[in-house]
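These are my notebook entries on a structure that I looked up. I set down each point as I checked it.

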Amino acid sequence: MKQFIENWFRLSAFGTTIKQEVLAGITSFFTISYIIIVNPLILADAGIPYYGALMATILVSIISCLFIGLYANAPIILSPGMGVNAFFTYTIVEGMGLTWQEGLGAVVMAGFLFCLAAFTPIKSLLSRSIPESLKHGITVGIGLFLAFIGLQKAGIVEKSPDTFVKLGDLSEPTTLLALAGFLICLTFYVKKIKGGFILSVLLISVLAYFLNLTPEGKSMDESASLLLFEADLTSWITMDFWIASFSLALILIVENMGLLHGMLPKDSQFNRSFQSSAFSSVLSGMFGTSPTISTAESASGIAEGGRTGLTALTAGLLFILSVFAIPVLSGIPDAAIAPILIIIGGVMMQSIQYIPLEDFTESFPAFMIIALIPLTYSIVDGLAFGFIVYPIIKMAVGQFKQVPRTMYVMASLFILNFVFHFYF
């Protein structure tokens with residue numbers, strides 16, 4: 001069995017081991033496990049039954065992680081994405097007036113459009129067209145975003161009515177616990193201790209339990225009915241349905257492409273991972289949840305040594321077990337997860353060295369992405385500004401011929417997305 005696993009996932013070729021991959025999968029799972037609780041809460045605002053959305057989140061994550069692990073052999077965790085779920089609830093349903101069933105229909109249609117791009121030459125065309133400076137800018141921007149989320153979870157930064165954010169109360173017990181976790185996690189990481197991330201999560205969770213700082217978990221006190229095939233495609237004749245579908249497809253294509261380029265060092269893993277993401281998006285609507293994405297939290301497993309699909313497979317199996325451990329997972333304190341996100345943000349920041357800072361026409365669009373992903377709290381909005389500014393600044397200096405035509409198309413689509421989002 002061991003030899004079969006090593007051969008199937010080509011562990012030797014990737015310079016990894018079963019133990020290393022399993023530890024990476026466990027780390028990725030615990031880092032993303034909050035989505036099991038948070039995603040249904042956001043979808044509930046759209047009218048989707050909470051426990052139905054919870055089960056849909058788990059089921060689509062199971063199938064998607066197993067699929068990308070076996071098909072793409074990549075250490076990427078596919079799960080309903082933050083930001084995309086908010087777009088589904090607050091834009092497609094509440095903003096555009098679609099019912100949640102029609103919204104799920106738009107998710108299915110967006111998934112099919114995503115598949116059209118992923119399984120045709122459109123994928124390669126898009127991949128070649130994105131400048132390297134923007135790809136590295138995406139990596140850095142996502143890293144800052146993860147660090148920002150981690151700092152908030154830790155209580156190190158908090159909301160301010162005057163300056164939007166400010167330094168949090170460092171005397172708070174939960175913040176002190178997070179700072180202790182950060183020191184432990186950072187020490188494990190710089191000393192290259194295998195399994196350091198997951199070990200720090202366990203240590204801080206145990207410490208939180210004894211200090212009575214563990215958050216109250218949700219119990220399965222309602223019927224977790226499935227939402228299979230609740231997607232309603234009958235509104236396909238309406239303009240709102242197609243605006244929602246195309247906008248969502250554009251978000252999924254660009255966000256997944258940016259995330260995958262930022263996390264997969266081997267191009268051989270990119271194509272099938274991108275296709276897996278597209279297939280998973282279709283499943284999302286059919287199962288009753290907002291679309292899955294290649295999660296940024298996958299970076300935690302990759303930093304832990306994950307190199308192959310065995311990492312994703314491990315996470316997928318843990319999603320199966322999560323059905324029986326929902327109260328436990330919801331009881332993991334933010335203080336245990338926050339240090340990982342902060343450190344991963346620092347790791348991803350290293351990609352800034354590959355951006356040609358001496359060329360302002362390349363560095364400034366990348367800067368826009370880096371700044372606006374965390375400041376808008378949205379990966380896709382940060383991408384949009386960078387993709388729009390890039391052709392504009394090139395045209396301003398007479399270098400418009402150096403910009404691939406596809407970039408002009410993508411910039412135009414992002415502009416149209418903003419127009420429809422804010423004016424219709």
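**Entry 1: Leu372**

I looked up Leu372 and found it buried, because its relative accessible area is 18%; buried means under 20% relative accessible area, exposed over 50% and partly exposed in between, with a 1.4 Å probe and protein chains only. I note that this is a predicted model, in which local features need pLDDT of at least 70 and side-chain atom pairs count only at pLDDT 80 or more, while totals for chains, interfaces and linings use all residues. Residues are numbered from 1 along each chain as its sequence is written, and side-chain values use heavy atoms, with hydrogens and water left out.

Leu372 sits in helix α17, residues 360-375; helices (H or I, at least four residues) and strands (E, at least two) are DSSP runs, numbered from the N terminus. Not counting residues up to four places away in sequence, I find Leu372 touching Tyr377, Ser378, Gly382 and Phe385, where contact means heavy atoms within 4.5 Å. I also read off the C-alpha separation of Leu372 and Ala384, which is 9.3 Å for 12 residues along the chain.

I located Asn85 in helix α5, residues 84-93. Its relative accessibility is 0%, so Asn85 counts as buried. With neighbours within four places in sequence left aside, Asn85 is in contact with Ile35, Asn39, Ile42, Leu43 and Ser290.

I then turned to Met1, in the segment before α1 (2-8). Met1 counts as exposed because its relative accessibility is 76%. Ile42, one of the contacts of Asn85, is 41 residues from Met1 along the chain, and their C-alpha atoms are separated by 41 Å.

**Entry 2: helix α16**

I checked the length of α16 (residues 334-349): at 1.5 Å a residue its 16 residues should span 22 Å, and the end C-alpha atoms are 22 Å apart, which agrees. The expected span is 1.5 Å times one less than the number of residues.

How many of the 16 residues of α16 are buried? I find 12, so the helix is largely enclosed by the rest of the structure. Among them are Pro339, Gly345 and Met348, as well as Ile342, Ile343 and Ile344. The buried residues of α16 pack against α2 (18-32), α8 (132-154), α9 (173-190), α10 (196-210) and α13 (298-303).

**Entry 3: helix α10**

I followed the packing to α10, whose buried residues pack against α2, α9, α13 and α16. Those buried residues are Gly196, Phe197, Ile198, Ser200, Val201, Ile204, Ser205 and Ala208. After α10 comes Asn212, with a positive phi near 60°.

**Entry 4: the whole protein**

I recorded 19 helices and four strands for the protein. Of its 424 residues, 57% count as buried. The C-alpha trace spans about 60 × 60 × 50 Å along its principal axes.

Among contacts with a separation of 6 or more, I note that 80% join residues 24 or more positions apart.
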